[in-house]
Number of protein chains: 2
Amino acid sequence: MTLTVYGMRSSGNCWKVEQILSLRRIHYDWIETDATAGATRTADFLKINPNGKVPAVKLVDSTILTESNAILTHFAEETSWMPPPGVARSRVMEWLFFEQYSHEPYVAVARNIMHLRGDADRQQERLAQCRAGGEHAFRVMSGRLATHPWLTDSGPTIADISLFAYSQVADQGGFDVAAFAGVASWVARFAALPGINPLR
Amino acid sequence: MTLTVYGMRSSGNCWKVEQILSLRRIHYDWIETDATAGATRTADFLKINPNGKVPAVKLVDSTILTESNAILTHFAEETSWMPPPGVARSRVMEWLFFEQYSHEPYVAVARNIMHLRGDADRQQERLAQCRAGGEHAFRVMSGRLATHPWLTDSGPTIADISLFAYSQVADQGGFDVAAFAGVASWVARFAALPGINPLR
């Protein structure tokens, strides 16, 4: 018996799951589930995740886990990727919520429009909002990363995995990460860590 | 020495912080910080939270914590409001990320437009998106709450605090929570718990 991951290979949120399972050397079966083709909205998939989103992980006892950052916290527990409770862990949690609220909705959505759907011409207003929001997120990250190697003082953690997910492909959403020096050097530093397998 | 909370009284995200500190009987000073009037974008405030958002909490040693759901996890650790690591905790984490990605951006934003800013006439398209997204979120919650008293099997947790924050005032964003029977009964059940102080 192995885990089953329902995911879409092009998705940064699904990449997070592949990455933490690979780091933990946990084997899994992958069921490609193309959200862009409606595969996350079928009656069968909605039994797996009523919210209609990938990734989802089925554990060997058939328990289903959803929400990419919750899956990261699940598999990082008691590893160096997640510090123990207290301020150190809370710093990681801050970045995980920052990622889902202030980064992904802009950086991932811009990439989705420009790279995966090729729909930039018809979504100029939405893209402009993504550009402003994403650049704000990169400024906040750069404020930390210009003077520190990782997002928190605990070394590389799931905060870095989570924010690397879409930062690594931000150019596909039209972002010039080189303009945010702290972010650009961190992306290169993180990609060079042992066991990290960038999305491309 | 006591904690300092930077918050806006009308904000559900800031209510979460008031609520967990009250449940923990932790005293704090409150500094009203009106995001709608630009108070979260001043140079002084950006030193507290570079992301320019409330709530933020200053601990007695001057450590700053941000992100409402990270603050919930911080103060819930080792209480009944947060189960120990494993699937039980991961269930709470799923709902916390669901709240910030799939609920707050629709339910809180609709309330912000209609109730706090009174700007509904000029934001019809945005409001329609909020309506669709928020109703989807309430359907997902109701799927759980129609047959279970709380969002997870661990009794009331910070998952319930987090999702109660804006569900309790969803009507101010034009949502009819009564249409989602599981959610409506859960709102009443949660509001009646000892130590819960609803936003109004």
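User: How much area is buried between chain B and chain A?
Analyst: The area buried between chain B and chain A is about 2800 Å², and carbon and sulfur atoms give 60% of it; buried area here is the accessible area, taken with a 1.4 Å probe, that two parts lose on being put together, summed over both. Within the part that chain B buries against chain A, B:E94, B:F97 and B:Y101 supply 24%, more than any other three residues. This is a predicted model, in which local features need pLDDT of at least 70 and side-chain atom pairs count only at pLDDT 80 or more, while totals for chains, interfaces and linings use all residues. Residues are numbered from 1 along each chain as its sequence is written, chains are lettered from A and ligands numbered from 1 in the order in which they are written, and side-chain values use heavy atoms, with hydrogens and water left out.

User: How many residues does each chain bring to the contact?
Analyst: Chain B brings 33 residues and chain A brings 33 residues, where contact means heavy atoms within 4.5 Å.

User: And how many salt bridges and polar contacts between them?
Analyst: Across the interface of chain B and chain A there are zero salt bridges, a salt bridge being a side-chain nitrogen of Lys or Arg within 4 Å of a carboxyl oxygen of Asp or Glu. Twelve residue pairs are in polar contact between chain B and chain A, with both residues at pLDDT 80 or more; a polar contact is a pair of N or O atoms within 3.5 Å, where within protein one must be able to donate a hydrogen and the other to accept it, and residues adjacent in sequence count only if both atoms are side-chain atoms.

User: Which elements of chain B touch chain A?
Analyst: On the side of chain B that touches chain A, β4 (64-66), α3 (68-76), α4 (87-116) and α5 (124-145) each supply at least two residues; these are DSSP runs numbered from the N terminus, helices being H or I with at least four residues and strands E with at least two. The largest share of that side of chain B, 14 residues, comes from α4(B).

User: What about A:R89, buried or exposed, and what does it touch?
Analyst: A:R89 lies in helix α4 (residues 87-116) of chain A and is buried, with a relative accessible area of 7%, given that buried means under 20%, exposed over 50% and partly exposed in between, with a 1.4 Å probe and protein chains only. Leaving out residues up to four places away in sequence, A:R89 touches A:E77, A:M82, A:P83, A:P84 and B:R89.

User: Back to salt bridges, how many over all chains?
Analyst: The count over all chains is 16 salt bridges. One of them joins A:K47 and A:D44 at 3.7 Å, N to O, and both residues lie in helix α2 (residues 43-48) of chain A, three residues apart, about one turn of the helix. A:K47 is exposed at 67% relative accessible area, and A:D44 is exposed at 57%.

User: Why would such side chains pair?
Analyst: Side chains of opposite charge can pair when their charged atoms come close.

User: Switching to rings, how many aromatic pairs over all chains?
Analyst: There are 21 aromatic pairs over all chains, counting rings of Phe, Tyr and Trp (its six-membered ring) whose centres lie within 6.5 Å, with planes under 30 degrees apart called stacked, over 60 edge-to-face and the rest tilted. Another tilted pair is B:F164 and B:F190, with ring centres 4.7 Å apart and planes at 45 degrees. This pair links distant parts of the chain, 26 residues apart, with B:F164 in helix α6 (residues 158-167) and B:F190 in helix α7 (residues 181-191) of chain B. B:F164 is buried at 1% relative accessible area, and B:F190 is buried at 0%.

User: Which charges sit over rings in chain A?
Analyst: Among them, A:R9 lies over the face of A:W30, at 3.9 Å from the ring centre, and the charged end of A:R189 sits over the ring of A:W150, 5.8 Å from its centre; the rule asks for NZ of Lys or CZ of Arg within 6 Å of the ring centre and within 35 degrees of the ring normal. A:W150 also belongs to one aromatic cluster with A:W15, A:F164, A:W186 and A:F190.
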